[in-house]
Amino acid sequence: MKPAAGVVFKSVGDELVLLDYDRGIYYGLDAVGARLWELIAAGEPLPSVIETLLGEYDVSREEVTNDAQRLVGELRERGLLVD
Amino acid sequence: MALHYRVYGLTLEANEPIDGLIPLSGTPASPDLRIHYRVAPLRPDDLAVVHEGELDPESQTANVIIRRSASTRVCTIDYRDGTSFVIAPGGSEVWCDWPSTSTPEDTATYLLGPVLAYVLRLRGTLALHASGIAIADRALLLAGAPRAGKSTTAAAFAKRGAEVITDDVSPLILEDPVRVLPGYPRLRLWSDSAEALVGELPRLTPNWEKRYLSVDVTDTPREIGAVAVLAGRAAATSIRQLYGHAAAITLLRYASMTHALDESMRAREFAQVTKLANRIPVFEVVAADALDRVDALCDALSALSSPA
């Protein structure tokens, strides 16, 4: 899984803004979403991303797993992440 | 004889007077931009539409069409009233012509607004669709959609003695500190706002209801304290600070001529705006929907651009 070609991203504080060039649409990710994106963009698979987030945030495994899967699903649906 | 002007950080050389600008007394060594009034150069054959403005319900024609040539990178901006502009690659020259039903004053309203805003973008300068005023040596930029109240609020500040920096086009120097370049010595106001705030004012052009208020503009970039986005009207004024992606995406919405950028300009804009959002506080302002409460709005906005 990786960012789609034509999607660029920039940090604003600890958050992230994504630009989908082809469709000319901007998306925003909060701090946790930004960290997830950063890890995926660096080539980490989702299970490893979840482990990293668990180590960095004080939340349950179930919560991190659900949130990460939901966000990844949404990003894939919007064409921002591809295989 | 050529005339020279300064506006938005650019030195202009023009073959005819530009309404609203004050000519420079000397002759600058080399202008940044040459303006040719009443000259219509040949247009490239491969002009393609990059933006169409709002459609007139009756004629079903767009109020403005922007085109670009892929081979020459020449751009054109054509208005429904027949006024047309041709812009050289990189924004180094502008040629303009207009029909007998229009006037040089009409042409200047386009030139000093969207046309020069687009020239700035072609030259790589980020500009916001915002008016700017100075409060205690720092600029407060008032961004927003057309009719959001940018110029009216700036005029209310001017009435209180604040210095006006620019109207409607705020070109930025993205260094540390971030600064705004000054515009020209006028604020453009709708007649109802003008009447309520300052009384009767001269018409901007014989063909348009807008009026202008003359102001003093100094040719010095000003450090920006904050951007206030005028986001709507309600019964009472409310202000909230935007952070992170919300601030950046809001600023992207109010970048000048953002609808007419090509891919490389869009990439540059994205980098510039995120940089801006990282450095300057951004506030969303819902203003009280009454001109007699504009003083209270100015009071509330005055605090935003002060150093933390």
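Reader: How many residues does the contact take from chain A and from chain B?

Author: The model is a predicted one, and a residue counts here when its heavy atoms come within 4.5 Å of the other chain. On that basis the contact draws on both chains, with 17 residues from chain A and 16 residues from chain B.

Reader: Which three residues supply 46% of the area that chain A buries against chain B?

Author: The size of an interface is often given as the accessible area lost when the parts come together. Chain A and chain B bury about 1200 Å² between them, and 73% of this lies on carbon and sulfur atoms. Of the area that chain A buries against chain B, 46% comes from three residues, more than from any other three, and these are Val12(A), Tyr21(A) and Tyr26(A).

Reader: In what pattern do the helices and strands of chain A follow one another along the sequence?

Author: The secondary structure of chain A consists of three helices and five strands. Read along the sequence, these elements of chain A follow the pattern β-β-β-β-α-α-α-β.

Reader: What is the radius of gyration of chain A, and what does the globule rule give for 83 residues?

Author: The C-alpha trace of chain A spans about 35 × 30 × 20 Å along its principal axes, and buried residues make up 37% of its 83 residues. Chain A is as compact as a globular protein of that length, because the globule rule gives 12 Å for 83 residues and the radius of gyration of the chain is close to this, at 12 Å.

Reader: Why does the radius of gyration of chain B agree with that of a compact globule?

Author: Chain B has six helices and 19 strands, and its C-alpha atoms fill a box of roughly 50 × 50 × 45 Å, taken along the principal axes. A compact globule with 308 residues would have a radius of gyration near 19 Å, and chain B agrees with this because its own value is 19 Å.

Reader: What share of the contacts in chain B with a separation of 6 or more is accounted for by residues 24 or more positions apart?

Author: Buried residues, those under 20% relative accessible area, make up 54% of the 308 residues in chain B. Among the contacts in chain B with a separation of 6 or more, the share accounted for by residues 24 or more positions apart is 63%.

Reader: How far apart do the centres of the positive and negative side chains of chain A lie?

Author: Chain A carries 8 positive and 16 negative side chains, and the distance between the centres of these two sets is 6 Å.

Conventions. Residues are numbered from 1 along each chain as its sequence is written. Chains are lettered from A and ligands numbered from 1 in the order in which they are written. This is a predicted model: local features need pLDDT of at least 70, side-chain atom pairs count only at pLDDT 80 or more; totals for chains, interfaces and linings use all residues. Side-chain values use heavy atoms; hydrogens and water are left out. Helices (H or I, at least four residues) and strands (E, at least two) are DSSP runs, numbered from the N terminus. The radius of gyration is taken over C-alpha atoms; the globule rule is 2.2 Å times the number of residues to the power 0.38. Buried means under 20% relative accessible area, exposed over 50%, partly exposed in between (1.4 Å probe, protein chains only). Buried area is the accessible area (1.4 Å probe) that two parts lose on being put together, summed over both. Lys and Arg count as positive and Asp and Glu as negative; His and the chain ends are not counted. The place of a charge is taken as NZ of Lys, CZ of Arg, CG of Asp or CD of Glu.
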